[in-house]
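Opened the model today and jotted down what I looked up, loop by loop and strand by strand. Notes follow.

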Amino acid sequence: MADVNLPMFLSSNRLHFSPDPGIQSEVQKNPFIFLGPRNSMSYPLHQNFFTGDVVMVMVLGSKSFSLFHPNEGSNLHPLGGLGSVIYAADGLQPDLWATPKLRHARGWKGVLKAGEALYLPGNYVHQFQNEDLGPNIGLKFWAGGKAYVCPDWDCALVDGKADGFVSKKRNDDDVTLSIADYREIHQYDSEIIEEVRVRCSEGGGCKTLDR
């Protein structure tokens, strides 16, 4: 995995500097590794309980995907679930007899191939399915800009501290980032997080995500 390149915009993943303990516990797991054979999937159509944005980077093989705006949820036959909302509808192999409201839903589907990345707004309903005969490997990153960290008060502290930290490995000509560099840039920095927590307290509270 050391030679895998990531989209450069992940170099400014502000979620790493959030003072929210729940967010910290999630982003410190980055990346999540998804590995499976053809026609396998980790989850059916669902909506994450943690609403940070998602970047899926395909390392090997390919994944088909379907995405729906959260407003389409009522057309996808929600089932509930533990932590996440699960849907009976299948965006990849629709069954309009079993899930008739699906005919009214509008969404997107496609195929994510090795070397490609997909950005997914965190509250979107989605599913992925492995497609290649050989191993299929994808890396999922929780991601977010400063809006996930700062409320309405000025985010100068986050920008100043985080940008200097992030820029250690960035060059203006770079278009990708190695996993090793990503980890070095986003190493757990308690000093920055504590300063953001203090600033949040002084400014009227920190931004949190639904969980």
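I started with N39, which sits in the loop between β2 (32–36) and β3 (46–47); strands here are DSSP runs (E, at least two residues), helices are H or I runs of at least four, and both are numbered from the N terminus. This is a predicted model, where local features need pLDDT of at least 70, side-chain atom pairs count only at pLDDT 80 or more, and totals for chains, interfaces and linings use all residues. Residues are numbered from 1 along each chain as its sequence is written, and side-chain values use heavy atoms, with hydrogens and water left out.

N39 has a positive phi of about 70° although it is not a glycine. Most residues other than glycine have a negative phi. N39 counts as exposed at 52% relative accessibility; exposed means over 50% relative accessible area, buried under 20%, partly exposed in between (1.4 Å probe, protein chains only). I found a positive phi at H77 too, near 60°, and H77 is in the loop between β5 (62–68) and β6 (78–80).

Next I asked what N130 touches. Leaving aside neighbours within four places in sequence, N130 is in contact (heavy atoms within 4.5 Å) with G36, P37, R38, N39, S40, S62, K63 and N136. N130 lies in strand β10 (residues 125–130) and is buried, with a relative accessible area of 4%. Its side chain makes a polar contact of 2.8 Å with that of S40. Polar contact here is a pair of N or O atoms within 3.5 Å; within protein, one must be able to donate a hydrogen and the other to accept it, and residues adjacent in sequence count only if both atoms are side-chain atoms.

Then strand β4 (residues 53–60): 6 of its 8 residues are buried, so β4 is largely enclosed by the rest of the structure. I see β4 pairing (at least two DSSP bridges) in the antiparallel sense with β11 (residues 136–143) over 7 bridges, V57 having L139 as its bridge partner. With β9 (residues 117–120), β4 pairs antiparallel over 4 bridges, and M56 stands opposite L118.

Last, the cores (buried Ala, Val, Leu, Ile, Met, Phe, Trp, Tyr and Cys residues joined through side-chain atoms within 4.5 Å). The largest nonpolar core has 21 residues, and L6, L10 and F141 have the most contacts inside it. Elements giving two or more residues to this core are β4, β11, α2 (156–166), α3 (179–185) and α4 (190–203). Apart from it I noted another core of 16 residues, among them F34, L112, L118 and Y124.
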